[in-house]
Amino acid sequence: MKSSFCLYYHEKTKYTPAGIAQSGRQIDWHNQPVPYKTYTTAPSIDLKPYLPGKDGLDPGLRQLSQLLYLTYGVSAVVPYPDKPLYMRTAPSAGGLYPAEIYLVSRGSDSLAEGIYNYHVPSHTLVHFWEKPAFESLTASCFKHPALVGSDLALVITGVFLRSQWRYEDRAYRRICLDTGHLLGNLTLAASLSTFDLHLIGGFHDQDLAELLFLDSTEEAPFCVAALAHQNLPHGQTVLPSLITSDYPKLGAGQLLAYLHQASNICQVLPLNSAEPAVSYNFPFGLKIATETTPLDWQNRLPQTIMHRRSTRQYTAAPLTCRELLTLLHFTYQPQAYADQGLNVPDYFDLSLLETFITVTAVEGLEEGCYYYAPQAQELRQIRFKNFRREVHYLCLGQDLGRDAGATVFHTADLATAVARYGERAYRYLHMDAGQLGQRLNLAALHLGLGVSGIAGFFDDQVNEVLGIPEQEAVLYITTLGRPASNL
């Protein structure tokens, strides 16, 4: 019997040294897809007058303007000769920005009913559908209680070609990670408003795509976010899809679309609530308690989000143990920041993710590979050597892997995840890893450190370095280090 399709997809989209060496693929840089949509005839609402320091008076638009800007707005413009690059507050692999944000309004004094697209370059809302849509959205989400109590919702979609143009079938991983980055920003941005936020990952895919007038072979919904100025009833965040174990032989270029279709939901299915199997029985060496003093954001969160950048070069100088522990604390202990007014994120299922850290240059911490247990708030050493050379290699020879002081790996037992959520597990796992990666990004910037997420790596070599089973899927890598002074 065949494995589930997402296990097959993951295996087929692994990078290998031989595959990279033999690919010889040339990227058509002159035909890069435009990373935002444009509506030429629909009316729009300019949100720029409602940014902080501007004179727009509508309180509803003021909160919405800041929420959207901090979630996915333009943080810098790079004036390339052919067309400008609009860099966003959320990171994206290759600067391709596959995500789109739509707003569905039930109707209010600030925002008429209908459907809007967030046009990132102009920071405007394009009102392309002016008829009622919120009840249809609620029905598409199987009458989720958070939507029943809301008048506004965001729908985050992915435009496949924007990432597939460069990363081919492996692009699905990156689209889901990029969506997770955006959701990480959204959760924190909502903390700065009166919006209560609840993420919804289980919905009727085709109905929701049709509501937004999408060709689901080109663009599809990945997440819905209910927003309300009241405490929302937090219903189930995730729903399972079917498991596809009977699938045709597919060639290159067909895997991404088939995986997304296989992970679609058209009806509510019972959830397999069995606990995940324990994957590891490491003979732990050194154990380090990671509980530490929370980061004090002191109104610095907006500036941190706006000035976030991926580091391009590290100095190879060491981090301190306190810095590493502080990064882990903000990323994995969000409940400790509730008294600063920061929301606890809506994750899809963090119990399925594992975290490993290779330490190559951290003062006060022995070199080696560590397993991080967030509930116990403990680092547990499992391997005892400096993996600088190995991390450099498995990160496709990128100097970021060589010069980082520490590197964080997010992994998951994919078969266990599929048993619980069907093929849709692949979306949930990568979006959760992206959310964690974005919290690492922001915490590192707050501390003046360098950080860069890496979604391109030699998959099997990561398992070898970490000493984890073959069936454990590597989802995401985040390098941490001292940024070079000229960046």
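Reader: Which arginine forms a salt bridge with glutamate 378, and how far apart are the closest N and O atoms?

Author: Happy to start there. Side chains of opposite charge can pair when their charged atoms come close. A salt bridge here is a side-chain nitrogen of Lys or Arg within 4 Å of a carboxyl oxygen of Asp or Glu. Glutamate 378 bridges to arginine 380, with the closest N and O atoms 2.7 Å apart. Please keep in mind that this is a predicted model, where local features need pLDDT of at least 70 and side-chain atom pairs count only at pLDDT 80 or more, while totals for chains, interfaces and linings use all residues. Residues are numbered from 1 along each chain as its sequence is written, and side-chain values use heavy atoms, leaving out hydrogens and water.

Reader: How many salt bridges does the structure hold?

Author: There are 17. One of them joins glutamate 323 to arginine 482, with the closest N and O atoms at 2.8 Å. That pair links distant parts of the chain, 159 residues apart: glutamate 323 is in helix H11, and arginine 482 is in the segment after strand E18 (472-481). Helices (H or I, at least four residues) and strands (E, at least two) are DSSP runs, numbered from the N terminus. Salt bridges also connect Glu11, Lys14 and Asp460 in a network.

Reader: Is glutamate 323 buried or exposed?

Author: Buried means under 20% relative accessible area, exposed over 50%, and partly exposed in between (1.4 Å probe, protein chains only). Glutamate 323 has 14%, so it is buried, whereas arginine 482, at 22%, is partly exposed.

Reader: What describes a pair of aromatic rings?

Author: The distance of the centres and the angle of the planes describe such a pair. Rings of Phe, Tyr and Trp (its six-membered ring) pair if their centres lie within 6.5 Å; planes under 30 degrees apart count as stacked, over 60 as edge-to-face and the rest as tilted. The whole structure has 22 aromatic pairs. In one of them, the rings of phenylalanine 5 and tyrosine 247 have centres 5.0 Å apart and planes at 80°, so this pair is edge-to-face. Phenylalanine 5 and tyrosine 247 are both buried. For phenylalanine 348 and tyrosine 428, the centres are 5.3 Å apart and the planes at 20°, so that pair is stacked.

Reader: Which residues do ring pairs link into a cluster?

Author: The cluster consists of Tyr9, Phe160, Tyr172, Phe222 and Tyr426.
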